[in-house]
Amino acid sequence: MTERPHSKLQITLTAPHVSHDPGFSRADPQRWFGGQLTNFLLVLLGVVLNTGAQVALKLGTAGLGHVTLSDLIAKPMAFIGNGWVWLGLVLYAVSVVNWFIVLSRWEVSIAYALMSLGYVALFIVGVWRFGEPVTTLRVAGLVLIVAGVILITRPVPTATPTAPTPEGAAPHA
């Protein structure tokens, strides 16, 4: 009996320095919106994909009434055979691939904050397509979401570096 060599799968988890992209700088708004336009559009694509997935799933449940877990188990063909449900799932799958690309290029706190704009998009689609009500509280909530996105994605001010002074020398005034 010969001994077979064992191959080991080694997985190393490290915290990568995500902002390795030289075009990304939260401290430089021109580079952020100019040099990062492609990345910004990728995030917006994620918003569109997620919004489309939600709308497709909503359309897929239309006519089914109040759905419970027992309904999913008892009548799986009502969902499996529904084209809208499949479209929603495919849009989510494409969104995940897009999200991998986004996360490799941007800080997660910035990217995910921008994904919150999906709430605004879904509100608009909900009102337009599904006749959902527009209330003062909902609009105020959307304003707070947009304000939060603006605050989170603002450039971070950085201090200007100063030249080191020799020991014992007084700094220049």
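## A tour of the helices

Begin with helix H7, residues 117-130. H7 has 14 residues and reaches 19 Å from its first C-alpha to its last. That is close to the 20 Å expected at 1.5 Å a residue. Bear in mind that this is a predicted model.

Stay on H7 and show side chains. Gly118, Val120, Phe123, Val125 and Gly126 are buried there. What do the buried residues of H7 pack against? Select helix H2 (37-61), helix H6 (108-115) and helix H8 (136-153): these are the packing partners. Now step just past the end of H7. Gly131 takes a positive phi of about 65 degrees.

Next stop: aromatic rings. The count comes to one aromatic pair. Select Trp99 and Tyr112. The ring centres are 6.1 Å apart and the planes stand at 65 degrees. Planes over 60 degrees apart count as edge-to-face, so this pair is edge-to-face. Trp99 belongs to helix H5 and Tyr112 to helix H6, so the pair ties together parts that are 13 residues apart in sequence.

Colour the two residues by accessibility. Is Trp99 buried or exposed? Trp99 has 19% relative accessibility, and the cut-off for buried is under 20%, so Trp99 counts as buried. Tyr112, at 57% relative accessibility, counts as exposed, because exposed means over 50%.

Now select Asn98, also placed in helix H5. Asn98 is buried, with a relative accessible area of 5%. Which residues is Asn98 in contact with, leaving aside its neighbours within four places in sequence? Select Leu42, Leu45, Gly46 and Leu49 to see them. Draw a C-alpha to C-alpha distance from Asn98 to Leu45: the two are 7.9 Å apart in space. In sequence, Asn98 and Leu45 are 53 residues apart.

Leu89 lies in helix H5. With a relative accessible area of 44%, Leu89 is partly exposed. The 44% value falls between the 20% and 50% cut-offs, hence the label.

Key: Residues are numbered from 1 along each chain as its sequence is written. This is a predicted model: local features need pLDDT of at least 70, side-chain atom pairs count only at pLDDT 80 or more; totals for chains, interfaces and linings use all residues. Side-chain values use heavy atoms; hydrogens and water are left out. Helices (H or I, at least four residues) and strands (E, at least two) are DSSP runs, numbered from the N terminus. Buried means under 20% relative accessible area, exposed over 50%, partly exposed in between (1.4 Å probe, protein chains only). The expected span of a helix is 1.5 Å times one less than its number of residues. Contact means heavy atoms within 4.5 Å. Rings of Phe, Tyr and Trp (its six-membered ring) pair if their centres lie within 6.5 Å; planes under 30 degrees apart count as stacked, over 60 as edge-to-face and the rest as tilted.
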